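Let's take a walk through this structure together. Please have the sequence and the 3D view open as you read.

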Amino acid sequence: MREPDPGEIDAAARGDRGAFERLVRRYQPEVWRLALHIVRDGRLAEDVAQEAFLRVYRFLPRFKGDSTFSTWLYSITRNCAIDVLKRSGRQAEIVDRLRNRPGPSAIDPGVRMDIKEAIWELTLELREPLVLIDMFEMTYGEVARILGVPVGTVKSRVFRARNRLIDALGSEPREVQGED
Amino acid sequence: MRIERDVCGSVRMDLSARIDGESAFLDDSAIEAHLASCGACRSFEGSLHKLRRAMRIREADVVPDLTDRILAALPPGGERPIPLGTHFRTAGLAAAASFILLWGATWIGGQRPADSASAAAIVGQVRGAARSVSSYTATFEIVERNWSAALPMRRFVASVALSAPENFHLRVEDVSPSVAGYIRQEYDLRAGPRRWRARLPAICAPAAPPRCRPSSPSSLSRNGRQPFDGTAFVPTDVVLPLETLSSTSDLRLLGTRTIGGREAVGVRVSLGTATPLLHSLDPFGIWRPFHPQDEVDLWLDPESWFPLRFEVRAARGPERELWAARAGVVDRPGEMILKAAVVGGIGEGVPGQQPPRRADASTSGGFREEGFDSLEQGPAYVARLEPYRAGSTSTGDRVVTYSSGLAWLKVTRSRLQPMGVDDFLQSEELRVGSRFLYYRPATVDRPRQVDVYGDRSQLRFESNLPREQLVRIALSSPVHGTRARPARGGAVRRTTLNRLQEQGIVKIPGWMPDGYGSSGAFIVDGPGPRASVVLRYRRAEFDSSTAGIVITQSFQDVLPPTSEEPVVVPVGEVLARWSLERGELAFVDDGIYVSIMVPSFDLAAATAIARGLL
C-alpha cells in the first residue's frame, strides 16, 4: 500500500474533508479486503471498513507518524474487525479459532480445496499474518507491530499457516484463474 | 528420528521466512546444506513457491465502493478550523501544492535548500503514480538556443503517445527557420512489445553555415525484441520523471506557479540528474550540448505528476566557460538555453497504428514468446506487479517480466558465467547473511540491476522500481547468491574501505557530493610491482555516469603523460592537473599518484574530493 504524503494526512487531520475523502478513496479497497479475510463475510467487511474509517477520522489528529500510516490503518481495521465479529454474535467462534480448536467446517485432508476456502478455514491467529504478508506484502516487523506480537511469533504463525495450506491443498495447489 | 524432524521443522520455517525476503538472520549455508541431503524439505520448498504463486493468482475480489457511505457517516459540521485560527485553501490546489505550503518551501525566486520531507514526498508521489499510468498523450513545443551562430534558435514540436508498458510513439517535427545548408532534423520512433521502427533524423554539424547530410540508413527496425530490452528508448521520464526524480539528492523545491492555466509544482536539479528527462525527448541527440552543471527547472502537475514544462539554464563559473569554449557554444550565464512545454493539454490515448514498412536496416532480437510456466520458480516477491511477458532469448536465457502501469521488472535466468570485469568494478556488493547480491544503479543506457549467482545459473533482475524494492525482490528468489569472481581471475580483487584504512596505505576521501556512497573498493594488479587501489562511489538510484566517481591511487611519483593542454589547479599545497575531456583531476602527493574522475566534469567537486584526501 502506497503511503500518503504527510501533507495529505495533515490536511485530513485538520478537518479537510476533501483530503480525508481522498484517503478513503485510495485505501478503502485494501481496508475492505483485509476486513474480509478476518470476518469472512462481505457484508460484515463493509461494516468493518466503515467503522475503521470513522475511527481514523476521529483519531487522525493523534497520529504522530511513529509507524507508517498503512500500519496504523491496518491495526485499526483489525481491531474493528474483532469488534464487529463480537457484535455479530460470533464470539464463541472467535475464541475457538484463537485457541486452535477447529470449528464445524474443519479441513478435510481428503478433499482438495479452493485456495480461498482453505485460507478462510485457517484460524484467525494464522490467517491474519499470512494475509498481511502474502496479500498486502508487509514485512514481518510491520505485521508484528499490527498484531502486537514479536517478530518470531509472526514467522512461526506464517509458517504454520502455510504448512496447513499445503496439507489442505494437497501437493498441487489448485490455482484459480485470475483477472488479466 | 525425533532430532531429524526438529531440524526439518526449523529449516522449513526458515524457508518460509526466506521467500518473504526476511533473510537477515538466516543461515543460508546451513539451509542449503540441509536441502542438499533432504528431499522432503526440497519438496516442501517447491510447495512454498507454488503456494505463493497460487495466492497471488487467486480469484480477484469484487470490491464494493464504500466511499459515499463512509463519508455520509462522518460527523456533520464541515471542515474543522486549523488550531491557529487560519484556513488554507483546499480548492484549486492539489495535494502536493498544499503540503508545500504547510512545509514552508520556498517560492519562486527564493534560493533556500529543499525541505527534505517535501522533496522526499515528491519522490514518493512520482513513484507511486507510476503504477496508475496506463496511457498518455501530449504535445511539447521545444525552443533551443545557441545551437549555431547561423541558427541561434531552433524550434521543434514533439508528440508523445504511450500505452503502458511498452507501446509508444515519439514524433518530432523541426519547425526551425530555414537556413542554407540546414536539413530539418525530424524523426519518428514507434515501438510495440515485440518490434520497433524508427525514421532517423539528418546528421547536422552546427557550423556556419550548418553542414547537414541525410542519415544512412534513414530508417531502422528491430523485430523479435525482448521485453524492456533497452534497444528502443521508451520516453518514460517525459511521462513521469521516475529516474530524474529517483532520489532527493540534488533536488531543490521552487514552489508553485500557474502554467497554462494549471497549478504546477517546481523542482530544480542539475542537468546530469535530468539526463533521462532530456534523453526521453531527444533520444537521437539532435539538440545542442549542455554542461552537466547546467540547471533544469521542472514543473509538474501535482495531481498526475506529469511534467508540464522544463527549462535548461546555463550554469555560471569559469569551468563552464572553459567547457563552452571547447564545445563551441556561446551562452550567457543564467540564460535559458532550452525550453520544452506542453501545449494543448495532456490526455489519455494510445499510439496510432501505421502500416508496417520495410526499414533500410533491420535487426532481429530473436526473442521467442513462451508464456509463464506454472512450475517456474521465480521471485516470491514482485512488489505487486502483474505477470507481463515471458519467453526465451536466442542464447537460451529464460526471461520473465512483470509490470503495472509504468513500473516494470525483468528477470533473466542464464547459465552461470564469470562476471565481466566492467560489471565487477561497477557493482556494489551487498551481503545479506551468507548471500551476495551485486547492485548497479540505473544510468542513461540501462536500468537498475541486481545480479545473483547460484551454483549452476545466475539471475539478473532489472527494473525501474527503487533500489530497496529491487533488492528485496532479488532476495526472495530461490537462487542462493554466491560470491562472484571476475572473468579476469585474480587481476582484480574486491576489498573493503575498512581493510584499506587498517592497512593505512591509501587515502580515504573525507567528502563526497551529496547522494554518493561507496560502491566498492578494488585492488587491481599492474605490471611489475605496480598495483592500484580503486575506490568507486555511485549514486544509489540513478547515476548519469556508467562509472560514477572513481578514485585511483598507486605508488608513483610522476603524473602519466597527456596529449591535452594541461590545466593546472592548486589543491592545497599540491598542483593538480585537470583534464576537461576525461573529467579527471590528477596529482602526486607524498609519492602517491591520485586520480579523481568525476562524471559531471565538475572541477569544483573533484577539487573538494581532492582536498579531503590530502
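We will visit the nonpolar cores, then a pair of helices, and then a sheet.

A word on conventions: this is a predicted model, in which local features need pLDDT of at least 70, side-chain atom pairs count only at pLDDT 80 or more, and totals for chains, interfaces and linings use all residues. Residues are numbered from 1 along each chain as its sequence is written, chains are lettered from A and ligands numbered from 1 in the order in which they are written, and side-chain values use heavy atoms, with hydrogens and water left out.

Let's begin with the cores. A nonpolar core here is a set of buried Ala, Val, Leu, Ile, Met, Phe, Trp, Tyr and Cys residues joined through side-chain atoms within 4.5 Å; buried means under 20% relative accessible area, exposed over 50%, and partly exposed in between, with a 1.4 Å probe and protein chains only. The largest such core has 84 residues, and F20(A), L60(A), F69(A) and L165(A) touch the most other members. Its largest share, 12 residues, is supplied by helix α2 (residues 17-39) of chain A; helices (H or I, at least four residues) and strands (E, at least two) are DSSP runs, numbered from the N terminus. Leaving aside residues up to four places away in sequence, F20(A) touches A12(A), F53(A), V56(A) and Y57(A), together with L71(B) and L74(B), where contact means heavy atoms within 4.5 Å.

Next, look at α7 (residues 124-134) and α9 (residues 151-169) of chain A, which pack at an angle of about 95° with their axes 8 Å apart. Axes are lines fitted to C-alpha atoms, for helices over the stretch in contact, and angles run from 0 to 180 degrees between N-to-C directions. These two helices, α7(A) and α9(A), are therefore roughly perpendicular to each other, a label for angles of 65 to 115 degrees. Among the residues that meet are L126(A) and L130(A) from α7(A), and R157(A) and L165(A) from α9(A).

Now turn to chain B, where an open sheet of 8 strands runs in the order β23-β24-β25-β26-β30-β29-β28-β27 with antiparallel pairing; two strands pair if DSSP finds at least two bridges between them. Strand β30(B) (residues 592-597) has 5 of its 6 residues buried, so it is largely enclosed by the rest of the structure. On one flank, β26(B) (residues 549-555) pairs with β30(B) over 6 bridges, and T552(B) stands opposite S595(B). Strand β29(B) (residues 584-589) also pairs with β30(B) over 6 bridges, with A586(B) opposite S595(B). β29(B) and β30(B) form a hairpin with 2 residues between them, and D590(B) in the turn has a positive phi of about 55°.

Note on methods:
Parallel < 35°, antiparallel > 145°, perpendicular 65-115°, else oblique.
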